[in-house]
Each structure stands twice: as structure tokens, then as C-alpha cells.
Amino acid sequence: APAPQTTVESRALVSVPPPPPSPERPQAKPEMSRELGLPVVDVVAPADLPGGYHFEAEIEGRRFLATVPNGGVRRGETFSCLMRSLETVGADVPVGRWRDRICDCGTHGFSHPLVINTLLCPLLALGQVMTRLNVDVLGRPLEFKPRSTSWLVMLTVVGFWSGMNILIYGAYNYKWSQNIPLTVADMLAVCTLNAATLFFGIYGTASTRASLREKYMIREHRCFDLEDCCCATFCMPCTICQMARHTASYDHVEAACCTATGLTSEMPPTKSRGNAALDNVYMI
């Protein structure tokens with residue numbers, strides 16, 4: 001059955017003009033399969049807004065984030081968007097922007113458990129981010145499972161990778177001690193194992209970053225819509241570290257190396273902070 005249509009009359013409560021339209025940055029199109037069950041509403045634009053712009057709306061006492069479609073809208077123009085509840089994005093996580101930059105890994109000090117994890121074992125740190133976002137090991141949101149087990153899966157992958165490398169290098173050492181030359185198959189074994197693990201980490205990081213951006217409505221700004229792939233390929237530890245900082249405020253929660261979420265305890269419920277968690281918000 002089609003989602004119900006509701007018209008929201010918008011009234012501007014602030015006089016701050018929105019940013020100028022940026023046609024070179026079109027809105028990313030989310031997969032509709034991830035948005036099943038959300039109603040669709042018709043919103044009257046309170047001002048000229050660029051495509052991909054996010055603002056807060058309210059209907060019948062329910063507040064939600066409206067997203068301007070690709071191409072932008074004019075003041076008074078009606079457009080349709082998904083009625084996405086603010087509760088689905090988290091009250092303490094910035095929406096529409098990153099909490100900080102990808103190179104801000106030392107914000108909390110280089111001895112911080114997050115930094116140690118991402119440098120020494122990035123797959124485990126990635127698994128912690130996946131658990132927070134409730135996505136699987138391929139970065140896909142879990143629709144039916146209440147809790148992600150990605151950290152345990154990543155722990156198993158790291159254990160398997162470590163064990164296989166130990167076995168392979170043990171075999172190398174035995175051959176060297178017996179003056180047996182290494183064959184092409186010996187070299188291919190270690191290369192294939194490590195290349196497959198590296199590819200798995202890159203794919204998981206890129207997919208998780210894409211899911212995070214979709215959930216918190218963060219647009220790509222560089223690399224011609226290949227930002228997720230480029231960040232995961234060339235800056236994997238920094239990318240994982242940025243995602244972890246974005247999904248947890250380390251000023252209020254304590255980090256841990258060996259927990260499923262990378263935190264010493266579950267993140268406490270946050271009190272309403274109005275619009276402090278939102279960026280690029282235009283109140284209506």
C-alpha cells in the first residue's frame with residue numbers, strides 16, 4: 001500500500017538565510033529498501049533551499065528531518081520527502097555534517113584506546129563502529145536483528161588471519177631450516193591471504209561509511225562520489241577513527257579497547273538539547 005501523504009505548512013522561525021545552492025553537490029539517493037515503513041509527507045519550502053539541504057519540521061507534535069530533493073526548491077514550492085524521525089539518528093550525534101575532520105585522530109590524545117585500536121587492529125575498531133550502527137560485517141543495516149554481532153565476527157576474522165599467518169610462516173621456517181626452496185604456491189598463499197583480508201577491510205570500511213553518511217545525512221564533497229572508497233583505501237585507520245568519534249562523544253563516555261562497542265558501558269541517554277546536534281537546520 002502506498003505511504004500516506006500529508007501536507008506540512010512551513011513557517012520560518014529563524015531569519016538566518018540558508019546557504020547558496022550548490023548544483024555541483026547533488027543529493028545522494030538512498031536505497032528505498034532501507035527506508036521501508038516511513039511515511040511520505042508534502043512540505044512547503046519556507047525559503048529557497050538547495051538540493052540535499054536538511055531542516056527540522058513538525059507535524060501533529062512529531063518532529064522529523066525533511067530533505068530537499070535534488071535540484072533544490074523555491075520558496076512556497078511543495079515537495080515530497082520521507083518523514084524520518086529524529087529518534088532514528090540519535091540526539092547526541094551531529095546530523096548533516098561530520099563531528100570533526102578525518103585527520104583529527106589525536107583530538108583525545110594518541111594514547112587514547114580508539115587510536116591504539118585503529119592503528120594496531122583496525123578491523124576490531126571497525127567492528128565496534130558496526131555494532132554501534134547496527135550493521136553487518138559488510139556495512140549493511142540490519143533490519144530485523146536487534147543487535148549487531150559484527151565485533152564478534154571481526155574478532156573471529158582477525159583470529160583466523162593471525163592463525164593462518166603463523167602457520168604459513170611456520171612452514172616457511174621449516175623449509176628454510178631444511179634448505180628446501182620456497183615454491184610459487186608458498187608465496188601465493190601468504191599474498192592471497194593478506195590481500196583478501198585487506199580487500200575485506202577496505203570494502204567493509206567503505207560500506208560502513210556509506211551507511212553512516214546515509215543515516216546521519218552527510219553528503220559527499222570530494223572524489224566525484226567515490227569519497228567512501230578513497231577514504232577506505234588510502235586512509236583506512238583515520239576513516240575508522242573518524243566514524244568512531246562521530247558515533248560517540250568521548251568527552252562524555254569512556255573508551256575501551258576490547259568491548260563490542262569500544263566503550264566501557266552503554267552510552268547514557270542524552271537529554272534534549274534542542275537543535276544543538278543538528279547542522280544546516282532551518283526551523284519550520
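Predicted model: local features only at pLDDT ≥ 70, side-chain atom pairs only at ≥ 80, totals over all residues.

Reader: Start with the charges. How many salt bridges does a search of the whole structure find?

Author: The search gives nine salt bridges. One of them joins the side chains of Arg74 and Asp48, at 3.5 Å from N to O.

Reader: Where do Arg74 and Asp48 lie?

Author: Both are in loops. Arg74 is in the loop between β4 (62-67) and β5 (78-82), and Asp48 is in the loop between β2 (40-44) and β3 (54-59), so the pair ties together parts that are 26 residues apart in sequence.

Reader: Is Arg74 buried or exposed? And what about Asp48?

Author: Arg74 is exposed, at a relative accessible area of 59%. Asp48 is partly exposed, at 39%.

Reader: Which residue does Arg101 form a salt bridge with?

Author: Its partner is Asp104, and the closest N and O atoms are 3.1 Å apart. Arg101 counts as exposed because its relative accessibility is 55%, over the 50% cut-off. Asp104 has 17% relative accessibility and counts as buried, because that is under 20%.

Reader: What about Glu227 and Arg209, how far apart are N and O there?

Author: The salt bridge between the side chains of Glu227 and Arg209 is 3.1 Å from N to O. Glu227 lies in helix α5 (residues 227-234) and Arg209 in helix α4, so this pair ties together parts that are 18 residues apart in sequence. Both residues are buried.

Reader: Which residues are linked with them in a network of salt bridges?

Author: The network links Arg209, Arg213, Glu220, Glu227 and Asp228.

Reader: What does the side chain of Asp186 have a polar contact with?

Author: Its side chain and that of Lys175 are joined by a polar contact of 2.6 Å. A polar atom of the Asp186 side chain also lies 2.9 Å from the backbone nitrogen of Thr183. If neighbours within four places in sequence are left aside, Asp186 is in contact with Tyr172 and Lys175.

Reader: Last topic, β5. Which residues are on the covered face and which on the uncovered one?

Author: Phe79 and Cys81 make up the covered face of β5, while Thr78, Ser80 and Leu82 are on the uncovered face. In a regular strand, side chains alternate between the two faces of the sheet.

Reader: Do β2 and β5 run parallel or antiparallel?

Author: They run antiparallel, and five bridges join them. Among the residues involved is Asp42, whose bridge partner in β5 is Ser80.

Notes: Residues numbered from 1 in each chain as written. Heavy atoms only, no water. Polar contact = N/O pair within 3.5 Å; in protein donor to acceptor, adjacent residues only side chain to side chain. Contact = heavy atoms within 4.5 Å. Salt bridge = Lys/Arg side-chain N within 4 Å of Asp/Glu carboxyl O. Helix = DSSP H or I, 4+ residues; strand = E, 2+ residues; numbered from the N terminus. Buried < 20%, exposed > 50% of the residue type's maximum accessible area, 1.4 Å probe, protein only. Pairing = 2+ DSSP bridges.
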